[in-house]
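Please open the model in your viewer and keep the selection tool at hand. The stops below say what to select next and what is found there.

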Amino acid sequence: MKSELLYPGAFPMVRVELAEGEHIKAESGAMVACSPTIDIESKMEGGFLGALSRKFLTGEKFFFQTLRASRGAGEVLLAPTVPGEIVVMELDGVNEYMVQKDGFLAGAEGVVIDSQMQSMSRGLLGGEGFFILKMSGKGMLALNSFGAIHKIELKPGQEYIVDNSHLVAWSTTTTYNIEKATSGWVASFTSGEGFVCRFRGPGVVYIQSRNPGSFGAWVRQFIPVSQ
């Protein structure tokens, strides 16, 4: 299996070359085009209960696409729904990542996708709900963002503060706490920031340059309200 990032920037795609018999899993609707040797299947990753937990606990889709090179080698072109960048990484069976519910694009057959429960405070205040996605295993993993992706590498003990709505993914070697953006409750909400995540290294944090919630609120002001 080989992967290549095409058209880096706001409107990228990923090209994945599959040998006969290989397959990848992708977010439902991510396939743009493929070779005629590729079969497209809908699959409940982790079985019925695993798919059910992702749907109702994280907001993820019930099914993933499985794209399999059943009749010979071929290629698949994948793209996310929203405009934004794609980052492609390689999981080695040791490094693991927590991913916000809209951040997964595609993964090799060796990538394991689970729902991970957060603490009560993180679920209520973090903006991602009580469950997020955990990526582990081996193989190619492609994540997507709303806007540009920025990678932050933290040394042991180094801290960094991120607005919750700009999170894409973070390595499980990091620790984090959710706290008010400013010292006072009123100032936190009037500043427009609310709650933030304070990460501590070692590890990697991926953030996105745009806030989906803020963008949605901006768009709604132009939608006529029916009387």
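Is glutamine 221 buried or exposed? Glutamine 221 is exposed, with a relative accessible area of 52%, where buried means under 20% relative accessible area, exposed over 50% and partly exposed in between, for a 1.4 Å probe and protein chains only. The model is predicted, so local features need pLDDT of at least 70 and side-chain atom pairs count only at pLDDT 80 or more, while totals for chains, interfaces and linings use all residues. Residues are numbered from 1 along each chain as its sequence is written, and side-chain values use heavy atoms, with hydrogens and water left out.

Stay with glutamine 221, which is placed in the segment after α4 (212-220); helices (H or I, at least four residues) and strands (E, at least two) are DSSP runs, numbered from the N terminus. The side chain of glutamine 221 reaches the backbone oxygen of tryptophan 218 at 3.1 Å.

Next select tryptophan 218 together with phenylalanine 222. Their ring centres lie 5.1 Å apart and their planes stand at 75°, so the pair is edge-to-face; rings of Phe, Tyr and Trp (its six-membered ring) pair if their centres lie within 6.5 Å, and planes under 30 degrees apart count as stacked, over 60 as edge-to-face and the rest as tilted. Tryptophan 218 is partly exposed at 47% relative accessibility, whereas phenylalanine 222 is exposed at 55%.

For the last stops, select two loops. Proline 202 sits in the loop between β17 (195-200) and β18 (203-208), and the peptide bond from glycine 201 to proline 202 is cis, with omega near 20°. Tyrosine 7, in the loop between β1 (2-6) and β2 (13-18), has a positive phi of about 55° although it is not a glycine. Most residues other than glycine have a negative phi, and most peptide bonds are trans.

Key. Polar contact = N/O pair within 3.5 Å; in protein donor to acceptor, adjacent residues only side chain to side chain.
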